[in-house]
Amino acid sequence: MVISARDVRLTLGAAEPIGILRGIDLDVARGESVALLGASGSGKSSLLAVLSGLERATSGSVQVAGLDFTTLDEDALAIARRGRIGIVLQAFHLFPTMTARENVAVPLELAGIAHASALAEDELIAVGLGHRTNHYPAQLSGGEQQRVAIARALAPRPSLVFADEPTGNLDAVTGARIVDLLFERQRAADASLVIITHDPALARRCDRTLELVDGRLA
Ligand SMILES: Nc1ncnc2c1ncn2[C@@H]1O[C@H](COP(=O)(O)OP(=O)(O)OP(=O)(O)O)[C@@H](O)[C@H]1O
């Protein structure tokens with residue numbers, strides 16, 4: 001198993017604690033793709049944050065690629081993610097002072113991969129942004145920024161990809177192209193995919209569909 005989560009709970013809010021995740025058990029195998037569905041506010045983004053180590057669970061255990069994400073500190077988590085885990089969040093978190101190419105090159109450089117800039121350019125071409133490599137995020141549309149974020153996540157060829165509505169800002173044709181790329185990369189690297197989506201077509205392409213209802217898996 002690439003992901004093994006047991007009785008994961010996430011409680012937020014000091015004054016009035018709210019149970020956001022309320023006992024999640026989840027296994028994801030190598031090479032498996034999982035679609036995560038659920039109503040707005042059901043906890044999908046929170047679960048993705050916990051599984052990717054961006055947020056620490058309040059209790060329970062989260063094992064990812066043999067590492068215990070509930071006990072690692074921030075630095076160890078960042079090192080564990082480097083080059084192995086690609087994450088595409090709803091807010092793209094691009095660096096505003098870097099061009100598209102520089103943004104995509106960052107994880108490659110951090111992972112010590114040679115020719116980072118050239119590889120970043122290739123990845124931008126793959127997401128249809130070969131003509132935008134020297135543009136800054138503020139000069140790009142929402143959908144273009146989303147594709148830069150996807151290129152950045154996929155460039156290091158991670159073995160695990162988390163994506164939060166990766167086609168949410170894209171038109172049907174561009175979205176389909178990005179989904180094809182996601183699955184093509186997944187197959188090539190035998191990677192695991194966990195995708196939050198409201199798109200039934202995207203969910204159908206995944207091996208398995210899970211639904212979150214009020215912080216629990218239905
Ligand atoms: N820092 C926080 N403090 C308190 N409550 C929070 C915090 N972050 C998220 N929540 C609440 O947790 C619940 C789950 O949020 P989450 O973003 O995981 O839902 P979601 O299923 O991804 O929703 P959407 O589809 O709208 O993106 C929501 O009710 C949200 O208001």
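**Sheets, ligand shell and nonpolar core of a predicted model**

Four strands make up an open sheet, arranged in the order β2-β1-β4-β5 with antiparallel pairing. Its edges are β2 (18-28) and β5 (67-68), each of which pairs on one side only. The model is predicted. Within this sheet, eight bridges link β1 (residues 3-12) to β2 in the antiparallel sense.

Strand β3 (residues 33-38) runs parallel to strand β9 (residues 208-213), and five bridges join the two. Here Val34 is bridged to Arg208 of β9. On to β10 (residues 216-217), the direction is antiparallel, with two bridges from β9. Val213 has Arg216 in β10 as its bridge partner. Together β9 and β10 form a hairpin, with two residues between the strands. In that turn, Asp214 adopts a positive phi of about 50°.

The ligand is surrounded by residues from several parts of the sequence. Leu12, Gly13, Ile18 and Ile20 are among them. The shell also includes Gly38, Ser40, Gly41, Ser42 and Gly43, as well as Lys44, Ser45 and Ser46. Helix α1 (44-51) and strand β2 each contribute at least two residues to this shell. The largest share, three residues, is from α1. By class, eight shell residues are polar, three are nonpolar and one is charged.

The largest nonpolar core holds 60 residues. Those touching the most other members are Leu36, Val50, Leu51, Val194 and Ile195. Helix α5 (residues 142-154) provides the largest share of this core, six residues. In soluble globular proteins, nonpolar side chains tend to be buried together. The surroundings of Val50 can be listed in detail. Neighbours within four places in sequence aside, Val50 is in contact with Val8, Leu10, Leu21, Glu55, Ala57 and Val62.

The protein has an average pLDDT of 93, and 100% of its residues score at least 70. Strand β8 (residues 192-196) has the highest confidence, at a mean of 97. Helix α2 (residues 74-81) has the lowest, at 87. For the complex, the predictor gives an ipTM of 0.92 and a pTM of 0.92.

Terms used: Residues are numbered from 1 along each chain as its sequence is written. This is a predicted model: local features need pLDDT of at least 70, side-chain atom pairs count only at pLDDT 80 or more; totals for chains, interfaces and linings use all residues. Two strands pair if DSSP finds at least two bridges between them. A residue is near a molecule or strand if its C-beta atom, placed from the backbone, lies within 6 Å of it. Ala, Val, Leu, Ile, Met, Phe, Trp, Tyr, Cys and Pro count as nonpolar, Asp, Glu, Lys and Arg as charged, and the others, Gly among them, as polar. A nonpolar core is a set of buried Ala, Val, Leu, Ile, Met, Phe, Trp, Tyr and Cys residues joined through C-beta atoms within 7 Å. A residue is buried if 20 or more other C-beta atoms lie within 10 Å of its own, exposed if 12 or fewer, and partly exposed in between; C-beta atoms are placed from the backbone. Two residues are in contact if their C-beta atoms, placed from the backbone, lie within 7 Å. pLDDT is the predictor's confidence in each residue, from 0 to 100.
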